[in-house]
Amino acid sequence: MAEDDDDARIRVLQSLRGKICEAKNLGPVSGPNRQRDLCTFCTISLDQEEVFRTRVFDKSLSPFYGEDFFFEIPRPFQYLSFYIYAKGSFQRDLPVGKVSIRKEELCQHSGKEHWFSLQPVDPNSEVQGKVHLEMWQSELITDNVCQQLLVRIIECQGLPLISGQNCDPYATISLVGPARSDQKKTKVKKKTSDPHFGETFSFEVTRSSSYSKKSNFQVEEEDIEKLEIKVDLWNNGNLAQDVFLGETRVSLKILRNDQTHKAWYLLQPKGNGNKHKPDDLGSLRLKVNYIEDTVLPSSCYKPLCNLLLKSPDVKPISASAAHILGDVCRERYEAVLPLVRLLLHHNRLVPFVTAVAGLELENTQEANTIFRGNSLATRCIDDMMKIVGKSYLMVTLKPVLDEIFDSNKACEIDPIKLKETDNVDVNKENLQNYVHKVFSSITQSSASCHPLMCDVFRSLRHMASKRFPADPHVQYSAVSSFVFLRFFAVAVLSPHSFQLRPHHPDPEISRTLTLISKTIQTLGSWGSLSKNKLFLDEISSNVNKESSGIEDALILKEGEVQKRAQGRKRIGKRNFKKRWLRVTNRELSYHKHRGLYPGTEPL
């Protein structure tokens, strides 16, 4: 019994990482939209559930989206689909085309960029879910003896939502062949995507010995294997037209060796997706990386966890389990992030980072190249800053980034890229104002820096000055190479990656952020600046704060969710309210607005 319990606790974690790169030569859309006025956006759907959406790209038939995505997949799915829509001004958005990839085919495209041809979006092809059937033959004894086929439709799972709500499904069961088509229908099930029918239907499949030409049954006994059962799922539209949900076909050859056949069948598009050659709708460049991880019960990992947690004490550190794990993994981020989370949870990250950073410093010959590579030490510190520094970024950068996005002033200073209407002096002044605001916000933010980051920076500063005692500036460059170059500059360049903005910026704002980010990197590398020295002194010393390890709550994930009112049976728009969900290492809580954390009650 214990073994069964352990097997039940084995989980499969699915995740998807990738990038929606660009579309090319988008084709016509139905409706009044003119080609040259086509404004498009791209969505990602798991089966029929939308999970990601890009910003709207204005008036281009070859839009460059350039948006990265990552999300965990909490349920089984059949298709990963990318839809391109034309934004409608006074009407619903119109589909341009789609790319659908079966789950089984994702491994063929994993990790590489591919161009995919867009396919038409046809309601009869937008199917998902599966149906559970049971079939068997029996003798029917009345005045004569004949064979009959019994088909039991047990249940369906994973049917799509219709207009955002559970559907009202029913099924039609047909016995079809060269010269016959008998159809029967189940009862309608209300408001469910997982209907349980439990209905049995019978069909006569062989003629009796007293067969006469007056009988309506026209199929000879030897033709039985040419027959098939066809099951169609529909959503009952009441006064509107019924919506096709999918079909499956099962040949009676399946009963040749089995008296009873019982199995799950995936629903397929109408006619199994056979269509004429579509018009050229364009193509979409994607990078997709699908990952499946099998997770055993936590007790199975205790020996490995204990071994990894001893790593900071192993000398030399290169012989430790954590260091070896980081070296042998093909994709370093796959191992480093879980390792950082483990060491962070057990308050062992600072000694490990200190040890691996010390090893890297021993192999560094020039002070001006300190911590510039993509090593285990730099990767650990990068991931640590992303985990514990989200609130720090939110307080420091979000207000000024919101101002940049809202005002959207021209900042281009490259003569080659200037527009005819641009004034380079005005643009330069705009850029200087933006840089001043961002840089001032950073250098005045030391009080908000997370204590764990301060601990790491203090350790780096001490080791760097010890390794290069003749260079008075190396203690500052060791810290600035992380806090400016790998933290703030990256967040300015890609604010959507740090949840500072909901979507990737448009090309003009993206260019502005690039110029600001490069300037911040340059200013941050000048350790001789008095503002830099004061800021770096404060975040790498214990004057302002006492070391607290991970005593402060660490934000693991946060974002906007829809909260449904409890106790109400009717589902309507008024029953849902937007809330800001926040998951830390201590609690799960939600709030009316982002940032309203003090004084709120956890869930």
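The largest nonpolar core of this predicted model comprises 74 residues. Such a core is a set of buried Ala, Val, Leu, Ile, Met, Phe, Trp, Tyr and Cys residues joined through side-chain atoms within 4.5 Å. Buried denotes under 20% relative accessible area, exposed over 50%, and partly exposed the range in between (1.4 Å probe, protein chains only). M384, L397, F457 and V483 have the most contacts inside this core. Helix α12 (residues 474–493) supplies its largest share, eleven residues. Helices (H or I, at least four residues) and strands (E, at least two) are DSSP runs, numbered from the N terminus. M384 touches V340, L349, G389, L452, M453 and V456, with residues up to four places away in sequence not counted. Contact here means heavy atoms within 4.5 Å.

Residues are numbered from 1 along each chain as its sequence is written. The model is predicted, so local features need pLDDT of at least 70 and side-chain atom pairs count only at pLDDT 80 or more, while totals for chains, interfaces and linings use all residues; side-chain values use heavy atoms, with hydrogens and water left out.

Four strands form an open sheet, ordered β11-β10-β13-β14. The pairing is antiparallel. Two strands pair if DSSP finds at least two bridges between them. The edges are held by β11 (180–185) and β14 (243–251). Each has a single partner strand, so one side of each is left without a neighbour in the sheet. On average, neighbouring strands are turned by 20° against each other, direction ignored. The axes are lines fitted to C-alpha atoms, for helices over the stretch in contact, and angles run from 0 to 180 degrees between N-to-C directions. β13 (residues 228–235) and β14 pair in the antiparallel sense over eight bridges. Within this pair, V231 stands opposite T248 in β14.

Backbone geometry was examined next. Most residues other than glycine have a negative phi, and most peptide bonds are trans. The peptide bond from K315 to P316 is cis, with omega near -5°. P316 lies in the loop between α3 (302–309) and α4 (321–328). F371 is not a glycine, yet has a positive phi of about 55°. F371 sits in the loop between α6 (349–362) and α7 (376–388). This residue, F371, is buried, at a relative accessible area of 1%. N408 likewise has a positive phi, near 50°. N408 is placed in the loop between α9 (398–407) and α10 (424–443). N408 is partly exposed, with a relative accessible area of 30%.
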